[in-house]
Each structure stands twice: as structure tokens, then as C-alpha cells.
Amino acid sequence: MRLASLALIGLVTLFAAGAQAQSQAPQTQIRGTVERLDGQSLTVKTQEGTTTITLAPNYSVGAVVKAATADIKKGSFIGVGARMLPGGGLSAVQVFIFPEAMRGTGEGHRPWAVLPDSTMTNATVAETVSRVDGSSVTLTYPGGEQMIAITPEANIIMAAPAEAADLVAGAQVALTASRQADGRLSSSRVTIARAGAQLPL
């Protein structure tokens, strides 16, 4: 029986730089819309076309839901993908509020390969500052801290439970797949965006 992933373990590889791949096979990031699930075969429509992924027998499914700056509390552990501003400083593009069980995942500050001139900071919120046009957070981690502006345009999301039955036609999904020797793509985790939420980059 396939297990729901309450902790959304698949997001570890998205928010923890330097995470180890599950295998030595080349990794492919897939984002798109589910066309169908047929047994262990998931067909996804992406911007490049239609892709079929073989899911592992014990694959897990997790979801992300839309969150807001009000959900970011002092003491929260979050992952922030941010752009470097021309005049200095950082502005959040994406914020993931980790479940407590994932506190400490990929902790630190580093370049973020997803976007040019961007960083990823996984850290604890030391304080939050609100202003009329948005807010900022001070994130602390061993050896440093960062203040990052969070504008209304930032994609703020958090984990939610999901299961295989949620992989219906039209569902927005993201996953990391391994290219096998025979050319097939395989994956053990799928992330679904609930209504109103954007998939993580």
C-alpha cells in the first residue's frame, strides 16, 4: 500500500542544497499537470511535452498548500529562496515553512542553483518586521544570519498530507526522477500543489 508523506520528505532535495541523490543515476526535475495514473505509471504534461514516470512500489505523495506571511512566526524553521537585489540585500522568491519534524533540514546559507544570482537560506526565524509594503525576516543559523525581505509576490507554502488517490487528471505536480539505464524515468516521491498553491521551484 502506498504511504502518504505527512512530512513531505520529497521537498528535502528542493530546499537542502547538497542533499545526496538517492542513486547515482542522472536526476531530472519534472513539473506539470497529471494526465493519468495507471498503476505505477504516472503520465505528466510539462511545458516540453508529455512525460511518463515509473513510480517505485512504495512511492510517497505529499502536498503543499498556500501560506501567508502571518504563518511565519518567530521560532519557525523556514527555507527561503531569494534573489540578490541590485542595491544589496535579499528579496524572497519562495518561502517554505518546514514542519517541525523537518527542523534543521539543510540548515545554512548558500547559492541557489534554481535561479541566477540567488541564494537559499534554511534557518530559524529570529524576528519578523512588518511594514506597509511587505515584511522582512531575520534568519539565524550556525555561523551567521540573514535579513530577507518578503514581498506580496513571494510564493509562501507549507506542507500538507496527500495520498496516491490525489494524483488525478489536472493535479499540479513536481518530482525528481532518475534516468535509468534503459532510458526510463523513475521516482519514489511526488509533490502536489493544492488549490491556490504554487509548486516549489
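This short talk covers the aromatic pairs and the nonpolar cores of one structure.

The model is predicted, so local features need pLDDT of at least 70 and side-chain atom pairs pLDDT 80 or more, while totals for chains, interfaces and linings use all residues. Residues are numbered from 1 along each chain as its sequence is written, and side-chain values use heavy atoms, without hydrogens and water.

Rings to begin with. There are two aromatic pairs (Phe, Tyr or Trp rings, the six-membered one for Trp, with centres within 6.5 Å; planes under 30 degrees apart are stacked, over 60 edge-to-face, the rest tilted). Phe77 and Phe98 sit 5.3 Å apart, centre to centre, with planes at 50°, so this pair is tilted. Phe77 is in strand 5 and Phe98 in the loop between strand 6 and strand 7, so the pair ties together parts 21 residues apart in sequence. Strands are DSSP runs of E, at least two residues, numbered from the N terminus.

Phe98 also pairs with Phe96, edge-to-face, at 4.9 Å and 80°. Buried or exposed, Phe96 and Phe98? Both are buried, meaning under 20% relative accessible area with a 1.4 Å probe, protein chains only. Phe77 is buried too, at 3%. Ring pairs link Phe77, Phe96 and Phe98 into a cluster.

Now the cores. A nonpolar core joins buried Ala, Val, Leu, Ile, Met, Phe, Trp, Tyr and Cys through side-chain atoms within 4.5 Å. The largest has 20 residues; Ile30, Leu42 and Val173 are among those with the most contacts inside it. Strand 4 gives the most, five residues. Apart from this core lies another, of 18 residues, including Val80 and Leu139.

Conventions:
Helices (H or I, at least four residues) and strands (E, at least two) are DSSP runs, numbered from the N terminus. Buried means under 20% relative accessible area, exposed over 50%, partly exposed in between (1.4 Å probe, protein chains only).
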